[in-house]
Amino acid sequence: MPAKQPRKTTRTTSKKGAGASAKRTKRAPVPRRAKATAPKRVARSKTKRSDSQKLATYWKKRDFEVTPEPKGGPTLERGGFGYLIQKHDARRLHYDFRLELDGVLLSWAVPKGPSLAPEERRLAVRTEDHPIEYGDFEGVIPEGQYGGGTVMLWDRGTWKPEGDPHEAIDKGHLAFSLEGERLRGRFHLVRTRRKPGDKSESWLLFKGKDAAAATAKSKKEPIETEKTSVVTGRSMEEIASDRKRTWQSSRVETTPAERTQLRDLVSQIPTTVSFTNLDKILYAEQGLSKAGLIAYYAIVEPYMMPYLKDRPVTLVRCPDGAPSKGEVHQKPKSTLCFYQKHAKTHAPDAIIRVPIEEEGGTKDDYMAISNRDGLLAAVQLGSLELHTWGCHIDDVERPDTVVMDLDPDPDLPWKAVAEAAFEMRALLEELGLDSWVKTTGGKGLHVCFPVTRRLDWEAFKGFTKAVATTLEGARPNRYTTNPIKARRKGKVFIDYLRNGRGATAIAPYSTRARPNATIATPIGWDELKDGIRPEELTLRSMPARLDALKKDPWARFLETKQSITAAMRKRLGL
DNA sequence: GTTAACT
DNA sequence: AGTTAACTCTCAGTG
DNA sequence: CACTGA
């Protein structure tokens, strides 16, 4: 079963279900999680296991903060023999065949589902044991989660083994009868010989000979005739759309009227860029479409452009949208998004190409944006973040903008981060430098200032390092400049390395590829003092904020002419 | 999201 | 015609 | 050394 889309493959390789035999693509290495799948050992072992051991694999694969599937817990061994089949529309549609034994549900993924014809032997891939409570589950597993997709209860009832089921499973031949609503009579599960390289057990599920056995011709297959839930009568579509309703209730609703409005707005933007996929949702939690993103950038463009214009830029592109809360939790944006630094073949004409010398001495085309068309072209490419160099393209070797990144231990209160920014400002002021502050979209702050183009990157970075270490030296308990042990111990990491050649920092007014759609927002020092909250500066709130602002908090940034002087460097011991 | 290079 | 990879860089830690 | 995660 080769995967359809490479990106999704990467993101979901560890999804097994029916796709247990999925061939690996070259790019997608076997995730460690998949290696941890060891249903064989768990299921075949005759020794008594504790309940927690039995379901360890099941738990390991799921994030119960995200998925509506039951966690299941230590269960009493009721000796009951429940049976059920779930129709599961994950990466591939398949049927999950489950038999209760020893307090868990033994499970097989059957890609083609069961057949009533004894000669039809259906592949059944053994998967991890599931908790008994799973037998009641019907609903939608969120995208990005293990087995993401719609689950329908297709059949349920009881089963009865012929002989000792433990021995039969060890032997690899389980004969049993089913007493379900849609399947009845004798069935067999037979384990096939394991081929070298097989990661999971393959079994065959087929009908045993009895009165209920049918030849494929004489009787319709229940898989074909029964299309609805055995419990709720719902179709797969109905189950799936139920999710939409509950899901949408927890976010800002986008009505068709609003969609039209956004499309209209987009159509009125004067631009040469042609847009596609305007209704595609890029921020799931806020229900924000690509049209909404384009509208946002069209609005902030006059505010943003002065800081973005004519600097080498790196894009963080997420054509399928920002990671949702669930996705960010387990597998961050590395798989959903990718960085683009070079123009390569992808860059549209509206984005400027700038040949820049690489470390090795060769030249490669970088990108720069100089006007609205360029910005919107980047958005059309699915860019959710724009990162800029600290220089302009007409003199790439002479930087002109310093960014001191204050990156706090996540446990630190916001107030401590704000205080750090004020201390940084005070130090710079003492040296004779005016500075401005912006949020980053997360819990960090950037203290920024312009300087005249005099130093090369080495000297420039050296100066920012000295500033950082000075602050660290003054308050070693509060600050660290060591990226290694940056985290822990309640410190703020002062990242001066953003001031090196080729390094970048998030551009003012850029969106972030994060679930909450926060914006890297220039703010006033007074606002920071008054306790402005970075999580409230979002894509949705920004237009109103800009309207309400009496003056641009960074108004003086662009006019300020100041230099890193010999005297300043001397004062820092350089 | 786009392109080029494959099967 | 349909499928797949590439689209950053660096660095510490791990086996 | 190859690979991963940050």
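Is Trp436 buried or exposed? At 5% relative accessibility, Trp436 counts as buried, where buried means under 20% relative accessible area, exposed over 50% and partly exposed in between (1.4 Å probe, protein chains only). This is a predicted model, in which local features need pLDDT of at least 70 and side-chain atom pairs count only at pLDDT 80 or more, while totals for chains, interfaces and linings use all residues. Residues are numbered from 1 along each chain as its sequence is written, and side-chain values use heavy atoms, with hydrogens and water left out. Helices (H or I, at least four residues) and strands (E, at least two) are DSSP runs, numbered from the N terminus.

- The expected span is 1.5 Å times one less than the number of residues.
- A bend of about 70° occurs in α10 at Glu301, and the proline Pro302 follows within four residues. The bend is the angle between axes fitted to the seven residues ending at a residue and the seven starting there.
- Because 15 of its 19 residues are buried, α10 is largely enclosed by the rest of the structure.
- Asp310, with a positive phi near 60°, follows α10.
- Helix α14 (residues 414-431) has 18 residues, which should span 26 Å at 1.5 Å a residue, and the 26 Å between its end C-alpha atoms agrees.
- The buried residues of α14 include Trp414, Glu423, Met424 and Leu431.
- After α14 comes Gly432, whose phi is positive, near 100°.

**Cavities**

- The whole structure holds eight cavities of 30 Å³ or more. On a 1 Å grid over the protein atoms alone, a cavity is a set of points where a 1.4 Å probe fits but cannot get out, and lining residues have an atom within 4 Å of a point.
- The largest cavity contains about 170 Å³ of space. A volume is the space filled by probe spheres set on the grid points, which are joined across faces, edges and corners.
- The largest cavity is lined by 19 residues, of which Arg311, Thr388, Trp389, Thr401 and Val403 are the closest to its centre.
- Strands β17 (401-408) and β22 (505-506) each supply at least two residues of this lining.
- By class, the lining of the largest cavity comprises eleven nonpolar, five polar and three charged residues. Ala, Val, Leu, Ile, Met, Phe, Trp, Tyr, Cys and Pro count as nonpolar, Asp, Glu, Lys and Arg as charged, and the others, Gly among them, as polar.

**Aromatic pairs**

- A search of the whole structure finds 19 aromatic pairs. Rings of Phe, Tyr and Trp (its six-membered ring) pair if their centres lie within 6.5 Å; planes under 30 degrees apart count as stacked, over 60 as edge-to-face and the rest as tilted.
- Phe81 and Trp159 form a stacked pair, at 5.2 Å centre to centre and with 20° between the planes. Phe81 lies in the loop between α5 (56-60) and β1 (82-89) and Trp159 in strand β6 (residues 149-161), so the pair ties together parts that are 78 residues apart in sequence.
- Phe81 is partly exposed, with a relative accessible area of 28%, whereas Trp159 counts as buried at 3% relative accessibility.
- Trp436 and Phe557 form an edge-to-face pair, at 5.3 Å centre to centre and with 70° between the planes. Trp436 lies in strand β18 (residues 436-439) and Phe557 in the loop between α17 (542-548) and α18 (566-571), so the pair ties together parts that are 121 residues apart in sequence.
- Phe557 is buried, with a relative accessible area of 5%.
- One aromatic cluster is formed by Phe81, Tyr83, Phe97, Trp108, Trp159, Phe176, Phe187 and Trp203.

**Individual residues**

- Glu201, in the loop between β8 (184-191) and β9 (202-207), is buried, with a relative accessible area of 4%. Its C-alpha lies 9.4 Å from that of Trp108, although Glu201 and Trp108 are 93 residues apart in sequence.
- Val313, found in strand β12 (residues 312-317), counts as buried at 2% relative accessibility.
- Tyr509 has a positive phi of about 70° although it is not a glycine. Most residues other than glycine have a negative phi.
- Tyr509 is found in the loop between β22 and β23 (522-523) and counts as buried at 1% relative accessibility.

Methods:
Chains lettered and ligands numbered in written order. 1 Å grid on protein atoms, 1.4 Å probe; cavity = no way out; pocket = protein on both sides within 12 Å on 5 of 7 lines; lining within 4 Å.
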